[in-house]
Amino acid sequence: VSRRKHLLWPGLAGPALLWLTLLYVAPIALVLAMSFASTDFIGRPVYTWQLGNYHTAFQPQFLPTITRSLMFAALVAAICLVIGYPTAYVMSKYGGRYRNLLMLAALVPWLVDYLIRIYAWIQILGGNGLIVRLIGALGLNPHGDLKLLNTSPAVILGLVYNYLPLLIVMCFVAVEQLDDGLIEAGKDLYGRPLAVFLGVTIPNTLSGIVPGVAVVFLLALGDWATVFFLGGPQQFMIGNLIQNQYTSAGSLPFGAALTVLLLAVVMIVIVIAAFAGRRLSGRRVTFV
Amino acid sequence: MLLPACGGSTAGSSATSSASPTLAPAEVDGDLNLYMWQGYVPDTVLKGFENEYGVKINQTFFGSETEMLAKVAAGVEYDAVVIASNYLTRAVPYLRPVNHDAMTNWADQVLPGFKVPPYDPDPKVNEMLAPYVGVPYAAGGIGVAWLNEHMGTSLPDTFSVFWDLKDKAKGHITLFSDQQFTIAMALAKLGYSINSSNPDEVNAAADALIELKPYISAFGPAAVAPVLQSGDGWLNMAWSGDIYYSLTSILKPAEAQGVGFQMARESLIYNNDNWVIPKSSAHPGTATLYYDWLLAPENMAQCPPAMGYVVPTKAGVEAYNEMTKDYPFLAVNAEQLYDTSQWIAALTGDNLKVWQDAWVRVTA
């Protein structure tokens, strides 16, 4: 009986394990295998063992794309933090009985499909769009050459718009868990508001800040659709490079190698964030 | 495209050796699973087939050629699939030959120059492709679309306008994100073959695109209507059928008035979608019957107006010419369609790698 009991709990994890294996581990294993493949005469992958795709990925010609991707992702994460954290804080501390409703309101844009939201931005930022017309009507665009779409600010705006709700939710949960007694204690010790905020509030909500920033950074790093629709050739990111290999007449094995390298960066960032979060806040930081 | 002898025979022989040698008769052997671009065949034609033969048509739509090819190669059970002519060579190992003799409309309706299609510069490749084409369906070329307000009402009929007028259109030029068509356009501008396998020529085309890059607003989707409507695309690459569809169905009449379009004298950069039967099809008989149904003049007459492109069949050309009579810049004739040098061929072998590397340089 005890042996059966012993097997019961691990057994219950079986379906989830199977799900994870089939839909997560197996596809990643396929991508990994593909990254060492070569292509045949008509461009089909031929499974073999060669490092040519990785060698290509480390050619200097990709450096501008990789640097740009890292910079865009870091900037997006920073902007999301600056906007998202205060929003989450105010919602949690001053939202009263409406605070859960406010958090749901922050998620409302996500009820609409990602592509439709991007297309909406095309309409807003386009040459005949709302903003350009408004600026023109105010006489601030005398030459009619103001351009918002297909620029770096448009891409940053699109990425921030898409991922901000994630950061708000993660910070909101952390602020909700913050013990108000700690803030009171800080004030009792004659801490000024800013000192209490920086010395008590921030460190005790790092369990939301760190994974929030890391998740936004990683999602922005791998994004391609926002750049594809709102950006131009000067905004090309690593996600676009990978997407080009899978659609168009690209090389699937090279796309797989780039995907594996991007996943490696993702893993490293997650480990660093988890480690840093735990070290700084003394709490376990998870990404779920 | 230069097709090395061994490679060509590999693609061809693997298809013929492992394909079922028996051709399917044109008779119902089950429901029909269609895999195509959304809205590619008028509902009336599909419903008519269902009613006539008592079968159900299940439609699935794809978003890109590679997505389609991956599923066909993986053996997903589709019976009738559309494949672009520049992907056909790649797809042949996964296709079964079509029984043209069993189709009552094939001999009479398909234009003589498409019994063996003109898709590849190498006639042997075209001979190899011919048995797999059930219906040559939606042929179109690439031209230049512009906004009169910014570029004027008349432009020279050349792809050079992208370079010559780059200062005027700075920040408002859109080219395709599809590497093959965009590099082909630059090759044509430089006076080279759109299917060049000469690395120096392909790299020169890449250099020309890199020169143009600071002036380009996007390597964007093939659909041109959004950038014409938003006013951001002053000078754009555009498919002939897409411009027809945009002018007649998407843009408001006043917007359409402000749009100019023409093909370029260097090349028409033709491509054609072909109905084929995958090897994995469980109902090749119904598919053959469906292709015969599509070719029937009364059915085919409805197709070009629905998807905007010419179909190289008698009824298809007639319907296309009728629908484009108000748009003379879209007119095509059989001589143009038969001219192999106007068609964009499949990229294969070392050439595929040369084009891929060139495109990476352009986009990085």
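I worked with a predicted model in which local features need pLDDT of at least 70 and side-chain atom pairs count only at pLDDT 80 or more, while totals for chains, interfaces and linings use all residues. Residues are numbered from 1 along each chain as its sequence is written, chains are lettered from A and ligands numbered from 1 in written order, and side-chain values use heavy atoms, with hydrogens and water left out.

**Entry 1: chain A overall**

I looked up the secondary structure of chain A and found 14 helices and 2 strands. Helices (H or I, at least four residues) and strands (E, at least two) are DSSP runs, numbered from the N terminus. Along the principal axes, the C-alpha atoms of chain A fill a box of roughly 85 × 75 × 35 Å. Of the 288 residues in chain A, 41% are buried. Here buried means under 20% relative accessible area, exposed over 50%, and partly exposed in between (1.4 Å probe, protein chains only). I then took the contacts in chain A with a separation of 6 or more; residues 24 or more positions apart account for 67% of them. Contact means heavy atoms within 4.5 Å.

**Entry 2: strand 1 of chain B**

I checked strand 1 (residues 32-36) of chain B for burial. 5 of its 5 residues are buried, so the strand is largely enclosed by the rest of the structure. Leu32(B), Leu34(B) and Met36(B) lie on one side, Asn33(B) and Tyr35(B) on the other. In a regular strand the side chains alternate between the two faces of the sheet. Strand 1 runs parallel to strand 2 (residues 57-61) of chain B, joined by 5 bridges. Two strands pair if DSSP finds at least two bridges between them. Tyr35(B) has Thr60(B) in strand 2 as its bridge partner.

**Entry 3: strand 6 of chain B**

I ran the burial check on strand 6 (residues 142-147) of chain B. 6 of its 6 residues are buried, so this strand too is largely enclosed by the rest of the structure. Ile142(B), Val144(B) and Trp146(B) point one way; Gly143(B), Ala145(B) and Leu147(B) point the other way. Strand 6 is joined by 5 bridges to strand 9 (residues 235-239) of chain B, running antiparallel. In that pairing Val144(B) stands opposite Met237(B). Strand 10 (residues 259-263) of chain B is also antiparallel to strand 6, with 5 bridges. There Leu147(B) has Val259(B) as its bridge partner.

**Entry 4: helix 19 of chain B**

Buried residues of helix 19 include Trp355(B), Trp359(B) and Val362(B). The cover over the buried residues includes helix 13 (238-246) of chain A, as well as helix 9 (179-189) and helix 10 (199-212) of chain B.

**Entry 5: Lys213(B)**

I looked up Lys213(B), in the loop between helix 10 and strand 8 of chain B. Lys213(B) is buried yet has no salt bridge. A salt bridge is a side-chain nitrogen of Lys or Arg within 4 Å of a carboxyl oxygen of Asp or Glu. The nearest side chain of opposite charge is Asp207(B), 11 Å away. Lys and Arg count as positive, Asp and Glu as negative; His and the chain ends are not counted. Leaving aside neighbours within four places in sequence, Lys213(B) is in contact with residues including Pro233(A), Gln234(A) and Val362(B).

**Entry 6: salt bridges**

I found 9 salt bridges over all chains. Arg361(B) and Asp207(B) form one at 2.9 Å, N to O. Arg361(B) lies in helix 19 and Asp207(B) in helix 10 of chain B, so the pair ties together parts 154 residues apart in sequence. Arg361(B) is partly exposed at 30% relative accessibility, and Asp207(B) is partly exposed at 41%. Arg265(B) forms a salt bridge with Asp157(B), with the closest N and O atoms 2.8 Å apart. That pair links distant parts of the chain, 108 residues apart. Arg265(B) is exposed at 58%; Asp157(B) is partly exposed at 34%.
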